[in-house]
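The structure is shown first.

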Amino acid sequence: MGFVCHRTPFVKAQRPDGKYAVVAWAHGTAAVLENCASSNTKTLWQPWLAPFPLALHGYVTFAPDYADLGVGRTADGNKIIHQYVANPAQANDIVFDVQAAQYAFLKLSSNFVVLGHSQGGGAAWAVAQRQAQKPVKGYLGAVAASPITNILELPTSSHDLAPVLSLFATPTMQQLFPDFDHKDFFTDKGWER
């Protein structure tokens, strides 16, 4: 899942080989629940930060949804848990989704770059790290803007991130510890938001 922001018809972006340049856009944190996928929003989540300007400059911009954002269940009905800032997991989402887009749209170049911001910056960073162990043909590089590379090292003295991090970590905690109950920490109204 995800979306493809096609190039503008006003810019000639076709490469000499007849293919179109590809940028994978790794978005920042939208939330951690299934219905919070960037592809579920009218504005495609942070559209003017990268997807729209890139398309206006002739790049086909592919923005994958991270696991559980957009599709929350496997084909056999098992729940998929969004692994918030588990950068290697999001790196796989990006690589596999770009490969699927290249397979589906034959006019896309086999080469691609990754651009990410915040949570997506960490994901872009992880795509670069992944390349050292599992090279992907056509990967040209990544730009990681404001990456979260280690959530445990975020500064908490200037502002309190604990409530936000607790909320985002809850689905993973429920998966790892079946007895974990979010109602022990959040009110019903707080959980709904």
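## Helix pair α2 and α3

The angle between α2 and α3 falls in the range of 65 to 115 degrees that counts as roughly perpendicular, so these two helices are roughly perpendicular to each other. They pack at about 75°, and their axes are 8 Å apart. Axes here are lines fitted to C-alpha atoms, for helices over the stretch in contact, with angles running from 0 to 180 degrees between N-to-C directions.

The model is predicted: local features need pLDDT of at least 70, side-chain atom pairs count only at pLDDT 80 or more, and totals for chains, interfaces and linings use all residues. Residues are numbered from 1 along each chain as its sequence is written, and side-chain values use heavy atoms, with hydrogens and water left out.

The protein chain holds five helices and five strands, in the order β-β-α-β-α-β-α-β-α-α from the N terminus. Helices (H or I, at least four residues) and strands (E, at least two) are DSSP runs, numbered from the N terminus. Of the 193 residues in the chain, 39% are buried, where buried means under 20% relative accessible area (1.4 Å probe, protein chains only).

The table gives the spans of the two helices; the expected span is 1.5 Å times one less than the number of residues.

| Helix | Number of residues | First to last C-alpha | Expected span |
|---|---|---|---|
| α2 (87-104) | 18 residues | 25 Å | 26 Å |
| α3 (119-133) | 15 residues | 21 Å | 21 Å |

In the contact between the helices (heavy atoms within 4.5 Å), Asn87, Pro88, Gln90, Ala91, Asn92, Ile94, Val95 and Phe96 of α2 meet Gln119, Gly122, Ala123, Ala126, Val127 and Arg130 of α3. By class, this contact has eight nonpolar, five polar and one charged residues. Ala, Val, Leu, Ile, Met, Phe, Trp, Tyr, Cys and Pro count as nonpolar, Asp, Glu, Lys and Arg as charged, and the others, Gly among them, as polar.

The buried residues of α2 include Asn87, Asp93, Asp97 and Gln102, and the buried residues of this helix pack against β2 (20-26), β3 (60-64), β4 (108-117) and α3. Those of α3 include Gly120, Gly121, Ala124 and Gln131; the buried residues of α3 pack against β2, α2, β4 and β5.

Gln90 lies in α2 and is buried, with a relative accessible area of 2%. Leaving aside neighbours within four places in sequence, Gln90 is in contact with Tyr66, His82, Gln83, Val85, Gln119 and Ala123.

A nonpolar core is a set of buried Ala, Val, Leu, Ile, Met, Phe, Trp, Tyr and Cys residues joined through side-chain atoms within 4.5 Å. The largest one has 21 residues, and Ile94, Val98, Phe112, Val114, Val127 and Tyr139 have the most contacts inside it. At least two residues of this core come from each of β2, β3, α2, β4 and α3, and α2 gives the most, with five. A second, separate core has five residues, among them Val23, Ala50, Leu54 and Ala63.

Two serines have positive phi. Ser118, in the loop between β4 and α3, has phi near 60°. Ser146, in the loop between β5 (139-145) and α4 (162-176), has a phi of about 50°.

How values were computed
Buried < 20%, exposed > 50% of the residue type's maximum accessible area, 1.4 Å probe, protein only. Parallel < 35°, antiparallel > 145°, perpendicular 65-115°, else oblique.
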